Amino acid sequence: MAIGEMSGMSAGTAMVCAGAAAWLMGGWNSGVRRARLLLAGGGVVGAGPPPWENALVGWRRLRGRLRAEGGSLVAGLVVALIGASVVPLFLGLAGVPLLRRVRRAAEARRELERRGDAVIALCAALAGEVRAGRQPGEALLRAARDSAGLGEAQAVVLAAARFGGDVPGALTDAARQPGADGLVGLAACWRVAVDRGAGLAAGLDRLEGALRAERDQRADLRAQLAGSRSTAVMLAGLPVLGLLLGTALGADPLHVLLHTGPGLACLLIGGVLEGVGLWWAMRIVRGAESA
């Protein structure tokens with residue numbers, strides 16, 4: 001009877017795993033099959049991609065779904081099961097919006113850096129096109145097509161260059177995007193070159209050099225502040241290390257923190273102080289970066 005129950009549990013586990021794998025990889029495989037049928041024109045379709053490729057695609061899809069805020073919820077659930085209390089679960093739920101905010105801030109910072117790199121690339125490409133003997137409008141068209149990352153304003157700049165519009169005004173409007181401040185300098189170079197006949201390539205070279213120096217300075221400052229940021233995060237994780245050491249020594253710190261009045265008070269006060277300290281340290285680091 002026990003063997004039969006174990007066999008039934010194994011079969012059920014296998015069915016659950018198979019269903020999860022089908023859920024992770026079914027969408028991609030169905031899209032591939034449809035594409036192959038269309039491209040084959042009704043002919044014989046191959047056996048499909050190898051299993052390792054399906055597994056890799058499924059893992060990437062799963063990793064895309066499990067973001068940082070999902071880890072907070074999972075950690076809270078695990079600690080809640082270990083400590084037999086719902087308090088860690090609520091703390092994990094409270095950490096979801098905070099981690100989502102941190103992730104979005106990091107994504108916004110990366111987008112800002114990509115847009116700044118796109119402005120530098122545009123200046124370099126435009127200077128090269130002007131030196132090749134092309135007129136400023138044609139040179140801007142070619143350079144802007146090759147330089148992606150300027151966002152929605154890129155279409156406005158291209159339209160102004162193609163139809164003889166206000167190119168400096170379009171560049172100034174595009175410079176309002178975060179990270180695209182260098183386009184203000186490009187607009188100034190364009191006005192000077194068109195109105196006074198000055199050399200556009202020379203001004204673009206100086207502008208590109210200044211933007212590159214500013215970017216390198218920010219990167220160097222960020223590298224110098226990485227140690228301070230890592231130290232703050234490490235100090236924030238010391239209470240977790242204390243809990244692990246207490247458990248290793250035979251104590252039960254989770255029971256004290258989650259099932260006694262003084263423990264809950266210490267957990268609340270310590271959590272508030274921990275959050276304020278980490279926020280203050282990160283604010284100092286961000287202030288130094290922005291300065």
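Start by selecting Glu 129, which touches Arg 134, Ala 139 and Arg 142 (contact means heavy atoms within 4.5 Å), leaving aside residues up to four places away in sequence. A quick note before moving on: this is a predicted model, where local features need pLDDT of at least 70 and side-chain atom pairs count only at pLDDT 80 or more, while totals for chains, interfaces and linings use all residues. Residues are numbered from 1 along each chain as its sequence is written, and side-chain values use heavy atoms, without hydrogens and water.

Stay on Glu 129 for a moment. Its relative accessibility is 16%, so Glu 129 counts as buried (under 20% relative accessible area; exposed is over 50%, partly exposed in between; 1.4 Å probe, protein chains only).

Now colour helix 4, residues 87–131, where Glu 129 lies. Helices here are DSSP runs of H or I with at least four residues, numbered from the N terminus.

Finally, jump to Trp 279 and Trp 280. Their ring centres are 6.0 Å apart and their planes at 55 degrees, so the pair is tilted (six-membered Trp rings, centres within 6.5 Å; under 30 degrees is stacked, over 60 edge-to-face, the rest tilted). Trp 279 is partly exposed at 46%, and Trp 280 is partly exposed at 46%.

Note on methods: Axes are lines fitted to C-alpha atoms, for helices over the stretch in contact, and angles run from 0 to 180 degrees between N-to-C directions. Helices (H or I, at least four residues) and strands (E, at least two) are DSSP runs, numbered from the N terminus.
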